[in-house]
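Hi,

Here is the structure I promised to pass on. Have a look at it first, then read my notes below.

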Amino acid sequence: QVQLVESGGGLVQPGGSLRLSCAASGNIFRINTMGWYRQAPGKQRELVATITSGGTTTYANSVKGRFTISRDNAKNTVYLQMSSLKVEDTAVYYCNAEVRSASVTGALLGQGTQVTVSS
């Protein structure tokens, strides 16, 4: 059984920073692209950032220059460093990973972690 477990969410003031982590566990052979989605109340889920196993990154226009995605392949972990946070960044953030394992092959989504930006 492969699991994605996010951590690092919380309450932060506008202009502040947070770092999200997502660790994949289980009998994993390989993880290709990893990424972060978010979903705000009443809105559709949107892709925030992705990173390939080789380190190539993409970002949504709304977070470019403020968020940085990175990963540690040895730890099967992906990070999202969020800076200059805005109220509109408030959402549940979900980790995504394309996994090849003994039990599953395909895209997995974590359970989500709440990020609230408020004064």
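Before anything else, one term: a residue is buried if its relative accessible area is under 20%, exposed if it is over 50%, and partly exposed in between, using a 1.4 Å probe and protein chains only. With that in hand, take Val-115: its relative accessible area is 0%, so it is buried.

Some ground rules. You are looking at a predicted model, in which local features need pLDDT of at least 70 and side-chain atom pairs count only at pLDDT 80 or more, while totals for chains, interfaces and linings use all residues. Residues are numbered from 1 along each chain as its sequence is written, and side-chain values use heavy atoms, with hydrogens and water left out.

**The overall picture**

The chain has 11 strands and zero helices. (Both are DSSP runs, numbered from the N terminus: helices are H or I with at least four residues, strands are E with at least two.) The radius of gyration is 14 Å, close to the 14 Å from the globule rule for 119 residues, so the chain is as compact as a globular protein of that length. That radius is taken over C-alpha atoms, and the rule is 2.2 Å times the number of residues to the power 0.38. Along its principal axes, the C-alpha trace spans about 45 × 25 × 20 Å. Of the 119 residues, 41% count as buried.

Contact here means heavy atoms within 4.5 Å. If you take the contacts between residues at least 6 apart in sequence, 54% of them join residues at least 24 apart.

**How the strands pair**

Two strands pair if DSSP finds at least two bridges between them. Four strands make an open sheet in the order β1-β3-β8-β7, with antiparallel pairing. Its edge strands are β1 (3-7) and β7, each of which pairs on one side only. On average, neighbouring strands of this sheet are turned by 15° against each other, direction ignored. (The axes behind that angle are lines fitted to C-alpha atoms, for helices over the stretch in contact, and angles run from 0 to 180 degrees between N-to-C directions.) Inside the sheet, β3 and β8 are antiparallel and share six bridges; Leu-20 has Leu-80 in β8 as its bridge partner.

Now find β4. It runs antiparallel to β9, joined by nine bridges, and Ile-28 has Ser-101 in β9 as its bridge partner. β4 is also antiparallel to β5, with five bridges, and there Trp-36 stands opposite Ala-49. The hairpin of β4 and β5 has six residues between the strands, and in this hairpin Gly-42 takes a positive phi near 75°.

**The core**

A nonpolar core is a set of buried Ala, Val, Leu, Ile, Met, Phe, Trp, Tyr and Cys residues joined through side-chain atoms within 4.5 Å. The largest one here has 31 residues, and Trp-36, Val-48, Phe-67, Val-78, Leu-80, Met-82 and Tyr-93 touch the most other members. Which strand gives the most to this core? That is β9, with five residues. Apart from its neighbours within four places in sequence, Val-115 is in contact with residues including Gly-9, Leu-18, Met-82 and Tyr-93. Asp-89 is 26 residues from Val-115 in sequence, yet their C-alpha atoms are 7.6 Å apart in space.

**The disulfide**

A disulfide is counted when two cysteine sulfur atoms lie within 2.5 Å. The structure holds one: Cys-22 and Cys-95, with their sulfur atoms 2.1 Å apart. Cys-22 is in strand β3 and Cys-95 in strand β9, so the pair ties together parts 73 residues apart in sequence. The link is left-handed, with -75° about the S-S bond. Are these two cysteines buried or exposed? Both Cys-22 and Cys-95 are buried.

**Two residues to check**

Most residues other than glycine have a negative phi. Asn-76, in the loop between β7 and β8, has a positive phi of about 50° although it is not a glycine. Asn-76 is partly exposed, at 23% relative accessibility. Ser-84, in the loop between β8 and β9, also has a positive phi of about 50° without being a glycine. Its relative accessible area is 42%, so Ser-84 counts as partly exposed.

Cheers
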